[in-house]
Amino acid sequence: MHLLEVKNLHVEVGGKNILNGLELSVGKGAVHAIMGPNGSGKSTLAHVLAGKPDYVVTQGEILLDGEDILALAPDERAARGLFLAFQYPLEIPGVATMTFLRTALNAQRKKRGEPEVSTPDFLRRVRELAGKLGIDQDMMRRAVNVGFSGGEKKRNEILQMAVLEPRLCVLDETDSGLDIDALKVVADGVNRLRAPERAFVVITHYQRLLNYIVPDVVHVLSKGRIVKTGGKELALELEAGGYAQYRDEAA
Amino acid sequence: MNVDVRPIKTAAECALAASFALARANLPGVDEVATLREEAFRRFETDGLPHRRIEEWKYTDLRALMREAKPLAPLPDAAAKRIAGQGMPAASIEARRIVFVNGSFVPELSDLADLEPGLAIRSMASALAAGDPRIVNRIGKIAPTSDTAVALNTAFMGDGAVIEVAPGAALSRPIQLAFFNGGSDSGAVFMRSLAVIGKGARVMLVESHDGVGEFQVNTALELEIGDTAHVDHIKVTRTGSLHVSSLMTAVGAQARFNEFLFTIGGQVVRNQLFVRFEGEGTIAGIRGACLLKGRQHVDTTLVAEHVAQACTSREMFKSAIDGEGRSVFQGKIIVRPNAQKTDARMATHALLLSETAEADNKPELEIFADDVQCGHGATAGDLDENLLFYLRARGIPEQQAQALLIQAFVGEAVEGIEHAGLRDTLMAEVAAWLGARE
């Protein structure tokens, strides 16, 4: 059974069709890249997987472990192991990063019937993971993402992912706004999390990120559907030839 | 043609007049105090209860809200005194507690032992009865106002605290004026306190208002802050069917003044602040947070008057409103012609947690000097959907995500309180309020 199966997914946002019969199957341990031009529906796919309100699924199914999750709230999906790394991580004034992480982890564990993590264990683990991502302790005490640079916000997303240990990680344009050094740190963080039970859906506009997070499968998304699927070499072709041919193909 | 038409007196106005006629002979004070009372009552009789056509009371129409005026509350009996211990615990802030039940000072519940050098505390009733000119001469004079609720307070003032802190005295413990009402079903309570803080003194004053039953409370504090003194005043209101509170304060030069209003209970609450900056170079923070639900109505009305130059004031008020609650904020900053180099910023934010919640916001700036920085900002809105989604995408259920955001919203104001223990106590109140939300 696939970890994630998206079948004939049609999605409307604000009365406009964005996804038009999207099909996608992601197996455990795999890294799938989804590439596509602006406006092709990449971010919509990311958000609809995570359960964002106002994204209306008019047809189709999203199955996680073979179970339809469309009726589940975003927090329930998270507790089942789905994680969305945001393209634009939000600032939460007044909520310390540590509090946020612990609240999230314990809420997920509670939902899964697992005991809460002890404070010393939690602190030790977060400190270790933060260190690897070059996130200092001062940042952890500050409010979530408030006053963080673009790169720090992205690293913080990866830290959250590492702490929460999801099984399906959806990365929405995690490379946007990153310089090459920050990109390497983020990619290393993702690569450390690669595991036989964990899959990744890496959404990106540019091939550059895929030099560092090497995908098993590359899909091209255009006008709300997957129009081509191939191996990692497909990303290089796109880099060379651009998206123009796929715009025509979908039309 | 401008004819002053006085409508027929309301039942409450008639009851107040009857109450005053009955009580005037027994209210504490020498002849001079009796004269103050008579003058104040005449002002009330002329004006009547404040109503919506009085601009300062536009959103809190006491004439309509006060269907009746309750008789003066009886002296506290043993039962009332017993439950008075249930008020906000002083333990968390290690305060020296001065307790008032149904408007009367209760020495046996108060902690008057080992007063720090330079600190004097006594009851207002005894100070008025003794006719101490230091006290009597200050009544209504520290930051004068023509407000009718204050006039009513002056007419009926029963008891309260008189606190004097000598110049240079730095009090190690906060002083808590713990006001409690209960023991009977209802009653009216008029409390008047006075605090005179000497030059360079350091004082933290906490006022808590608790109780059970349908009490109508009119409480007032006059606060004189000397040059270079550092004063924190925090008022916590958790109860009352009608609670009208007035703070009148005059702040000297190079002083620090931190005011905080925390309102979590009470059906109709009006907190009015009259603050005069009379000396140069003072820094003040005037903040507040209120949490409303059901049909609670909380009105905060601030008049901050910069008389002297180069004072800095920061005002921040936050309200989280659920159910059919209504929060009112009226904030006026006046900068007098001589108050050059004034730096005043006022911010008010309302979080509307239900479709029926209401926030009314009226900031006003009256600037008569030309070299000042003054600004105000006001917002009202519901919780940010995108933030909620972000939290929920991390596995935090909706109710808990909302609670986190509301705590953070209120916390930004509570941060302004210097005392960590009190901050924690108030944030625990916020958590309990959120826990009780459905």
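**View 1. The contact between chain B and chain A.** In this predicted model, the contact takes 17 residues from chain B and 21 residues from chain A, where two residues are in contact if their C-beta atoms, placed from the backbone, lie within 7 Å. On the side of chain B that touches chain A, the elements giving two or more residues are α8 (385–393) and α9 (398–414) of chain B, and α9(B) gives the most, with 7 residues. Helices (H or I, at least four residues) and strands (E, at least two) are DSSP runs, numbered from the N terminus. The residues on this side of chain B divide into 9 nonpolar, 4 polar and 4 charged; Ala, Val, Leu, Ile, Met, Phe, Trp, Tyr, Cys and Pro count as nonpolar, Asp, Glu, Lys and Arg as charged, and the others, Gly among them, as polar. Residues are numbered from 1 along each chain as its sequence is written, and chains are lettered from A and ligands numbered from 1 in the order in which they are written. Because the model is predicted, local features need pLDDT of at least 70 and side-chain atom pairs count only at pLDDT 80 or more, while totals for chains, interfaces and linings use all residues.

**View 2. The packing of helices α6 and α7 of chain A.** Helix α6 (residues 150–164) and helix α7 (residues 180–193) of chain A pack at an angle of about 5°, with their axes 10 Å apart; axes are lines fitted to C-alpha atoms, for helices over the stretch in contact, and angles run from 0 to 180 degrees between N-to-C directions. That makes α6(A) roughly parallel to α7(A), a term for angles under 35 degrees. Residues making the contact include A:Lys154, A:Arg155 and A:Ile158 of α6(A), and A:Val185, A:Val186 and A:Leu193 of α7(A). By class, the residues of this contact divide into 8 nonpolar, 2 polar and 2 charged.

**View 3. The open sheet of chain A.** The sheet has 6 strands in the order β6-β9-β10-β3-β11-β12 (chain A), with mixed pairing; two strands pair if DSSP finds at least two bridges between them. At the edges stand β6 (82–85) and β12 (225–230) of chain A, each with a single partner strand, so one side of each is left without a neighbour in the sheet. Neighbouring strands are turned by 20° against each other on average, direction ignored. Strand β11 (residues 217–222) of chain A and β12(A) pair in the antiparallel sense over 5 bridges, and the bridge partner of A:Val218 in β12(A) is A:Gly230. Helix α6(A) lies across β6 and β9 (168–172) of chain A, running at about 170° to β6(A).

**View 4. The two domains of chain B.** The domain assignment, whose bounds come from an automatic or database source, gives domain 1 (11–279) and domain 2 (387–438) of chain B, and their C-alpha centres lie 31 Å apart. The contact takes 11 residues from domain 1 and 11 residues from domain 2 of chain B. On the side of domain 1 that touches domain 2, β7 (202–211), β9 (230–238) and β11 (256–265) of chain B each supply at least two residues, and the largest share, 4 residues, comes from β11(B).

**View 5. Strand β11 of chain B and its partners.** In β11(B), 9 of its 10 residues are buried, each having 20 or more other C-beta atoms within 10 Å of its own. Strand β11(B) pairs in the parallel sense with β9(B) over 9 bridges, and B:His233 stands opposite B:Glu259 in β11(B).

Key:
Angles under 35 degrees count as roughly parallel, over 145 as roughly antiparallel, 65 to 115 as roughly perpendicular and the rest as oblique. A residue is buried if 20 or more other C-beta atoms lie within 10 Å of its own, exposed if 12 or fewer, and partly exposed in between; C-beta atoms are placed from the backbone.
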